[in-house]
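Please keep the sequence and the 3D view open side by side as you work through them.

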Amino acid sequence: MTESFQESYIKARKAYIESRFLHLNPMQRRAVMQTEGPVLVLAGAGSGKTTVLINRIYNLLEYGCATDSEEIPYNASEEMLHELIVHGERADEYASLHPVFPWQILAITFTNKAASELKDRLKKLLGDEADELWACTFHSACVRILRRDADRIGYTGSFTIYDSADSQSLIKRILKDFNLDEKYYPPRTIINMISRAKDARVTPDIYLQNAKSSFDQYRQKTGEIYKEYIHRLHMADAMDFDDLLLNTVLLLEEFEDVRDYWQQRFRYVLIDEYQDTNLLQYQFSALMAGRRNNICVVGDDDQSIYKFRGATIENILSFEKQYPGCRTIRLEQNYRSTGIILDAANAVISNNTERKGKKLWTDKEPGEKIILTVADNEREEAQQIASQILAGYGKGKNWHDYAVLYRKNAQSNAIEFALKRNGIPYRIFGGTRFFDRAEVKDILAYMCVVASPQDDLRLERIINVPPRGIGSKSVEAAINVAAENNCSLYEILSTADEYEELSRSAMKMRQFSGMIRKFQLFSEVNSIDLLFDEIIEKTGYIHVLEEKNTIENNTRIENIRELKSTILNFMEESDDASLNAYLANVALYTDLDNYERDASAVTLMTMHASKGLEFPHVFIAGMEETIFPGIQAIGESEEMEEERRLCYVAITRAMKTLELLCAKERMIFGRTVANKVSRFVEEIPEEDITKNIPKGYSWRERCENSYQYIKNEKEYDIFYSTKRSANHYSAFSISGVKQNSDSETLILAVGDRVKHRSFQEGVVTKMTPMGNDFLLEIDFSGIGSKKLMLRAASRYMEKI
DNA sequence: CGCACCACAATTTTT
DNA sequence: TTGTGGTGCG
C-alpha cells in the first residue's frame, strides 16, 4: 500500500464525512470533526451549540475517530477508496474508523432539561441506541457512579439524597442541639459556607484548625456545625448535592480500580455549559476524561451567571492552560436573533472587561427595533405586557411565542395578576418549587422513611403529619433517647415502651413505627405507585385535607395527585422503577424539567431560568437600577459584570422582538420607590431602540434628584464621603424623604459604631439608599457583615 | 396538644 | 407586603 494511497484515502474519507455535515457551518463542522484530544468550543448564545453536541456525538458513533486520525483500515483497498469518492452505497462503512459505542460517551449538562433534550434529539437521530449513552447532569452521573461503589467510602449503595431544604432543616436541627441562635448563625449562610468549604475541599478538621489558629470564635463554631453536619449526614446514609460531587471525586481519586473502570469505559467526555462549573466539577471532568484526554467542553464565558453558587469562570478561561495542545473553536454566527437584538447584546456585554471577547453576527435582517416602555407603576407595567401579548395573539401568534423575564421571583406577582385578568394562559417557573411544597415533601418523606428508616430528618418531618398525637415534647424526648443510645430515631420509636421517659406516647409511637414497617413490607412486593396509594390511604393524608374544604387544601390535594402522576411518569420512562431509583431521581428533579416547549401558554420566569431557551417575543420587566442591576451589585464591579452577563443572556433569548419595561414607581416591601432606568438600557445603542415614554417624563432629571442612581464605585465613594463630612445628617433628610412623625430612625453615617440588640457591637461599613430607606451594612465583631434596613433596625440598635 | 394570632425581620439568582 | 417563628389560650 503506497503512501499516496493512504493520503488519498484519508482525504476522501474526510471529504465524504464532511459531506454528511453540510447542514453545519464551517466552524460547527470543525467542532464536530475534531474528535481527538481536548477541545474548547466557545459557543455564543444561539450559535447552535446543542446542534454541535448532537452532531459530534453522531459523528463519533457513526465514524469514530475517522475525521481526526491518520489511520486507515488495514484492509483498505482501491475499491473502498472509489466507493468513498463516489459516495457509493458502502461509503458509510468504509469511512468509519473505530466507531464508538454509545455507552462509551459521557455527555454532561447542567439541567435535567438540557440532558433530556439532548437525549430526545439523539433518539430521533439514532433510535434506541441512544438509551445506552450517558447524557445526564453532573449530579446524576455522580449518583450512578456512587451507587456502584458507595460501600468503598462508607455509604450503602442505597444512600439517600438530601435536597437543599433537607440540608437546611438538618442545620436547624443541629443549631437547636448546640443551643445556638439562628440569628447569629443563619442556616442559609452556614450552608453556603459548608458548600464552599466542600468545593474548596476543606474538611471540617482543616476548617477548625484554621479557625483555631486565627482565634476566630465564630468560624470555630461554624466549623463545629460543619463537622456535626457531615457526621449526621453520614449517620443517615445521606448525601447532599455537594457530597454527590465530592464523594465521587474522592472515590475516583482514592481507588485506582474504580478510576480505571470509568476511564476505560468512557472514551469521550463532553461537558456543556462549562462556564458554570465549579472546582469539584472541573476535577470530576478531569478524572473522567482521564488518560485519553478526549474532553470537549462547550461554553460561553459571557453567559456565566452562577458565580454566586460557586461556579468559577476560571475553568473556562484557563482551559487552554490546563489542557496544553487544546484546540479552540469559536462559534459566533447566531441563528436565533435579529441583527438589532444581537447588536444590543454585543453592545451591552462589551462593557465587561473580564472576558475572552467574542462578537455575535448574523446574516439575518436587522428586524424590528427594541422597545423601551416606561410605565407608571408595576401594575401598569404588567398591563402593558398583557396588552401587547393580547394584541399579538389577535394577529395569530401563539401564547407560547411569548416569554416574560424578570430579575427576581417577587416580580412575577404583578405580571401574573395582569395576565390572569386578561385571560392569558401562562406557565410560571421558579418561586416555590413543586417539590418544595409542604404536602409533596411530606409524602416523599414517607417514601424516604420507608426506603431507609434511619433517615431521622425525614422521619421527624412526618412523625406527626397528619396529626397523630405525638407532639413536639414527645418527639424531642425520643430524639434525646436516640442520641443517648446512639441509634436512629426509628429504632427508638419501635421500642418506645422500653424507655420510661417516653411512656406517655409509647403506644402512639409504636403504632406509627408499626405502620412504617407495614409500608416496608408492602413496598417489597408492590410497585411505587401502589405504595404511594397505600401511604395516602393508611395515613389519611388526603382525608384530613378533605375535612376542611378550603381553596388551599384543594390545591394541596391537587398537588398530591400531581405527584402521583410524576410517579407514573417515572415508572413509564425509567427502566429501574424501584423506590430507591425514584427517590434518587426526585431529589435531582427540578421544576424546569416540567417545561414543555409547546404548551400553549406564555412563559414567566427569571432571567436565570431562561438560560438555554429561546422565544420569538421576549419582555424583560423591571429594567431599573436597584432591581436590575440589583442593589447588591451597584458599586461592586465584579457583581456588576455578572449582572451584565445576565442581561446579555436575557437579551439573547429573543428571536424576533424584544421589549424592555420599567416603572416610574413601584412598591417594594410595601413602600413606593422611584428607580432610575437601568444602565443596561443606556448601554444599548440609541439607534436600536424605540423609547415609549410618557410625555413630560425625564429620567435624567429624576436621577439628579434621586440617590437611586449611583453609576460606579467612584461616584459611590464620593457620594458617601460627602455624606460623612456633612456631619451626620439624618438619613431621611438626606434622601429628601419626609421623616416619619413617629420615627425614631437613627441618624447614621458610614464609620459609626452601633450596638444591636442581638448582634452586639458593630461598625457601619456601607449605606445604600433604597426606596425611602437605607440598606446598612454593618460589620459586627465576631459575626461578620450583616445587611439591615435602617428603618427596621433602628428599633433594635443604638449609636455608641 | 393544636390552633390562632402576633411580632418581627427581610429582601437574588438554584443544580 | 410577605413569610416565618414564637407564644398563649382553649
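1. Let us start with one helix, α6, whose buried residues are K113, A115, L118, L122 and L126; here buried means under 20% relative accessible area, exposed means over 50%, and partly exposed is in between, with a 1.4 Å probe and protein chains only. An α-helix has 3.6 residues a turn, so residues three or four places apart point the same way. The buried residues of α6 pack against α3, β2 and β3 (134-137), where a contact means heavy atoms within 4.5 Å. Helices (H or I, at least four residues) and strands (E, at least two) are DSSP runs, numbered from the N terminus.

2. Before going further, please note that this is a predicted model, in which local features need pLDDT of at least 70 and side-chain atom pairs count only at pLDDT 80 or more, while totals for chains, interfaces and linings use all residues. Residues are numbered from 1 along each chain as its sequence is written, chains are lettered from A and ligands numbered from 1 in the order in which they are written, and side-chain values use heavy atoms, with hydrogens and water left out.

3. The length of α6 can be checked as well: this helix (residues 112-126) has 15 residues and reaches 20 Å from its first C-alpha to its last, close to the 21 Å expected at 1.5 Å a residue, the expected span being 1.5 Å times one less than the number of residues. Just after α6, G127 takes a positive phi of about 80°.

4. Helix α3 (residues 49-63) also has 15 residues, and its end C-alpha atoms are 21 Å apart, which agrees with the 21 Å that it should span at 1.5 Å a residue. This helix is mostly covered, since 12 of its 15 residues are buried, among them K49, N55, R56 and N59 along with V52, L53 and I54. Just after α3, G64 takes a positive phi of about 60°.

5. For the chain as a whole, chain A contains 34 helices and 22 strands, and 54% of its 800 residues count as buried. Among its contacts between residues at least 6 apart in sequence, 74% join residues at least 24 apart. Chain A exposes about 36400 Å², of which carbon and sulfur atoms supply 48%; accessible areas come from the Shrake-Rupley method with a 1.4 Å probe, and for residues only the protein chains shown count as cover.

6. An open sheet is formed by 7 strands in the order β11-β12-β10-β13-β14-β9-β17, with parallel pairing; two strands pair if DSSP finds at least two bridges between them. Its edge strands are β11 (426-428) and β17 (689-692), each of which pairs on one side only. From one strand to the next, the twist averages 20°. Within the sheet, 4 bridges join β10 (residues 402-406) to β12 (residues 602-606), and the bridge partner of A403 in β12 is T603.

7. Which strands does helix α17 touch as it packs on the sheet? Helix α17 (residues 339-349) touches β9 (370-375) and β14 (654-663), and its direction makes about 55° with that of β14. Helix α19 (residues 412-421) lies across β10, β11 and β12, running at about 160° to β11. For such angles, axes are lines fitted to C-alpha atoms, for helices over the stretch in contact, and angles run from 0 to 180 degrees between N-to-C directions.

8. Q303 deserves a careful look, as it lies in the loop between β7 (295-299) and α15 (314-317). Is Q303 buried or exposed? Q303 counts as buried because its relative accessibility is 7%. Not counting residues up to four places away in sequence, Q303 touches residues including A43, D276, K611 and Y648. A polar contact of 3.4 Å joins the side chains of Q303 and R653; such a contact is a pair of N or O atoms within 3.5 Å, and within protein one must be able to donate a hydrogen and the other to accept it, while residues adjacent in sequence count only if both atoms are side-chain atoms. Q303 and E642 are 339 residues apart in sequence and 8.7 Å apart in space, C-alpha to C-alpha.

9. Finally, some backbone details should be checked. H98, in the loop between α5 (91-95) and β2 (105-109), has a positive phi of about 45° although it is not a glycine, and H98 is partly exposed at 41% relative accessible area. The peptide bond from F628 to P629 is cis, with omega near 5°.
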